[in-house]
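The sequence and the structure come first.

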Amino acid sequence: MDAHKTMVMIGSNRANTDLDETDLAILEQVEENFDVSLETLAEKLGLSKSAVHYRLNKLKDSGVIQGITADVDPLAFGLEMVSITDVSVTHERGYSEDIGETLAALEGVDQVYYTMGDVDFVVLSRVQSREQLNDLLDRIIAIEGVNETSSRLVLREFDSKSTITSNLTDAARNAVLDPSTD
């Protein structure tokens, strides 16, 4: 498992995202291995170190690169139980943001998705034991506006090792590079 990863998000507001092939090439390299040196990156891409440094700073300042975090193995902490919990709520003004933020702030919650369809939120969580999972579910149910939950335990995780840039379809890549073609 990599020691570091870069979280890259290409925003939905493409007016603020002005990327070219070189930016995408830098993002692909950085997502694959953030520890790569400026010198190695510059050599791989045929650019000067200062050009790579300038572009990386531009990508950070524009919010394309949102942060750099350690990629910590949850199993090292005994967080072996992964659950996927569907959460249905009462629909009142502002519920999606209020409840979503409350869910995301709970200890043990890894990710929260606001969805369309039969359920309102999908919550991914990691815990060490059934007792911790039961406690987490009690805290979810206690949130004002939560009506119902349904959980599934993950039996096995498959590591896709995918990155944002490697997961772009040709159409998505073209839309990023030339937003006027959408």
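The text below goes from the overall layout to the sheet, then to the pocket and to single residues.

The model is predicted, so local features need pLDDT of at least 70 and side-chain atom pairs count only at pLDDT 80 or more, while totals for chains, interfaces and linings use all residues. Residues are numbered from 1 along each chain as its sequence is written, and side-chain values use heavy atoms, with hydrogens and water left out.

**Overall layout**

The chain has six helices and six strands. Helices (H or I, at least four residues) and strands (E, at least two) are DSSP runs, numbered from the N terminus. In sequence order the pattern is β-α-α-α-β-β-α-β-β-α-β-α. Of the 182 residues in the chain, 30% are buried; buried means under 20% relative accessible area, exposed over 50%, and partly exposed in between (1.4 Å probe, protein chains only). Contact means heavy atoms within 4.5 Å. Among contacts between residues at least 6 apart in sequence, 69% join residues at least 24 apart.

**The sheet**

Four strands form an open sheet in the order S4-S5-S3-S6, with antiparallel pairing. Strand S4 (109–114) and strand S6 (146–153) are at the edges with a single partner strand each, so one side of each has no neighbour in the sheet. On average, neighbouring strands of this sheet are turned by 20° against each other, direction ignored. Strands of a sheet pair through backbone hydrogen bonds, either parallel or antiparallel. Here, two strands count as paired if DSSP finds at least two bridges between them. The pairs and their bridges are listed below.

| Strand pair | Sense | Bridges |
|---|---|---|
| S3 and S6 | antiparallel | seven bridges |
| S3 and S5 | antiparallel | seven bridges |
| S4 and S5 | antiparallel | five bridges |

Strand S3 covers residues 81–89. Eight of its nine residues are buried, so S3 is largely enclosed by the rest of the structure. On the S6 side, Ser 88 has Glu 148 as its bridge partner, and Thr 85 has Ser 151. On the S5 side, the bridge partner of Asp 86 is Val 122, and that of Val 82 is Arg 126.

Strand S5 is also mostly covered, with six of its seven residues buried. Val 122 of S5 stands opposite Tyr 113. S4 and S5 form a hairpin with six residues between them, and Gly 117 in the turn has a positive phi of about 125°.

Helix H4 (residues 95–105) lies across S3, S4, strand S5 (121–127) and S6, and runs at about 165° to S4. Axes are lines fitted to C-alpha atoms, for helices over the stretch in contact, and angles run from 0 to 180 degrees between N-to-C directions.

Gly 100 is found in helix H4 and is buried, with a relative accessible area of 12%. Leaving aside residues up to four places away in sequence, Gly 100 touches Tyr 95, Val 112 and Phe 121. The C-alpha atoms of Gly 100 and Val 123 are separated by 9.4 Å, at 23 residues apart along the chain.

Glu 21 lies in helix H1 (residues 21–32). Glu 21 is partly exposed, with a relative accessible area of 45%. Its contacts, not counting residues up to four places away in sequence, are Arg 173 and Leu 177. The C-alpha atoms of Glu 21 and Arg 173 are separated by 9.4 Å, although these residues are 152 residues apart along the chain.

**The second largest pocket**

A pocket is an open set of points on a 1 Å grid over the protein atoms alone, where a 1.4 Å probe fits, with protein on both sides within 12 Å along at least five of seven lines; lining residues have an atom within 4 Å of a point. Grid points are joined across faces, edges and corners, and a volume is the space filled by probe spheres set on the points.

The second largest pocket has a volume of about 170 Å³. Its lining consists of Thr 90, Glu 92, Arg 93, Gly 94, Tyr 95, Asp 98, Ile 99, Glu 144 and Gly 145. By class, two of the lining residues are nonpolar, three polar and four charged. Ala, Val, Leu, Ile, Met, Phe, Trp, Tyr, Cys and Pro count as nonpolar, Asp, Glu, Lys and Arg as charged, and the others, Gly among them, as polar.
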